Amino acid sequence: CSLLKSEVSKSAAAENSSPSGVVEAIVVAAEAYMAADLAINQAIGDYGAAAILSATKKSGGLRVMTCCNTGSLATSGYGTALGEI
C-alpha cells in the first residue's frame, strides 16, 4: 500500500529515526487506513440498503441473496456484500 510505504519512508528518513519509531509509524498509518476502510464499507452498506429498499418500494421483510462470502476477510471487518442487510 502506498500509504504505508510513504509513512515508512518519512519515518525512516527522520533525523532521530529508530526501528521502534518506524514500527510505530506503520501501526498508526495502518490503523488510520483500517478506520477509513471501515467507514467506506459502512457507507457502501448504507447506500446499498437504501437502494434496495427504494427499488423494491418496501420498508422491510425482504429476502436478499448475496454471492460474496469473503466479508470481513476482504475488508476491515464490515463486509460490503452483507453490509446492506
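Helices are DSSP runs (H or I) of at least four residues, numbered from the N terminus. The legends below use these helix names. The model shown is predicted.

**View 1. Helices α1 and α2 pack against each other at an angle of about 150°.** Helix α1 covers residues 2-13, and helix α2 covers residues 19-56. Their axes lie 9 Å apart. An angle over 145 degrees counts as roughly antiparallel. The two helices are therefore roughly antiparallel to each other. The crossing of α1 past α2 is right-handed.

**View 2. Residues of α1 meet residues of α2.** On the α1 side are Leu3, Leu4, Glu7, Val8, Ser11 and Ala12. On the α2 side are Gly21, Val22, Ala25, Ile26, Ala29, Ala30 and Tyr33. Sorted by class, this contact holds 10 nonpolar, two polar and one charged residues.

**View 3. Helix α2 has the span that its residue count predicts.** The helix has 38 residues. At 1.5 Å a residue, it should span 56 Å. Its end C-alpha atoms are 55 Å apart, so the two values agree. Lys57 follows α2. The phi of Lys57 is positive, near 60°.

**View 4. Several residues of α2 are buried.** They are Val22, Ala25, Ala29, Asn41, Gly45, Gly48 and Ala49. What do the buried residues of α2 pack against? They pack against α1.

**View 5. Ser11 sits in helix α1.** Is Ser11 buried or exposed? Buried means under 20% relative accessible area. Ser11 has 15%, so it is buried. Leaving out residues up to four places away in sequence, Ser11 touches Ser17, Gly21, Val22 and Ala25. Ser11 and Glu24 are 13 residues apart in sequence. In space, their C-alpha atoms are 9.1 Å apart.

**View 6. Asn41 belongs to helix α2.** Its relative accessibility is 4%, so Asn41 counts as buried. Which residues does Asn41 contact, leaving aside neighbours within four places in sequence? They are Thr75, Ser76, Tyr78 and Thr80.

**View 7. Ala55 also has its place in helix α2.** Exposed means over 50% relative accessible area. Ala55 reaches 63%, so it counts as exposed. Gly21 and Ala55 are 34 residues apart in sequence. From C-alpha to C-alpha, they are 51 Å apart in space.

**View 8. Glu84 lies in the segment after α2.** Which residues does Glu84 touch, not counting residues up to four places away in sequence? They are Ile44, Gly45, Gly48, Ala49 and Ile52. Among these, Gly45, Gly48 and Ala49 are buried residues of α2. Ala25 is another buried residue of α2. Glu84 and Ala25 are 59 residues apart in sequence. Their C-alpha atoms are 34 Å apart in space.

Conventions:
Residues are numbered from 1 along each chain as its sequence is written. This is a predicted model: local features need pLDDT of at least 70, side-chain atom pairs count only at pLDDT 80 or more; totals for chains, interfaces and linings use all residues. Side-chain values use heavy atoms; hydrogens and water are left out. Axes are lines fitted to C-alpha atoms, for helices over the stretch in contact, and angles run from 0 to 180 degrees between N-to-C directions. Angles under 35 degrees count as roughly parallel, over 145 as roughly antiparallel, 65 to 115 as roughly perpendicular and the rest as oblique. A crossing is left-handed if the near helix is turned anticlockwise from the far one by less than a right angle, and right-handed if clockwise. Contact means heavy atoms within 4.5 Å. Ala, Val, Leu, Ile, Met, Phe, Trp, Tyr, Cys and Pro count as nonpolar, Asp, Glu, Lys and Arg as charged, and the others, Gly among them, as polar. The expected span of a helix is 1.5 Å times one less than its number of residues. Buried means under 20% relative accessible area, exposed over 50%, partly exposed in between (1.4 Å probe, protein chains only).
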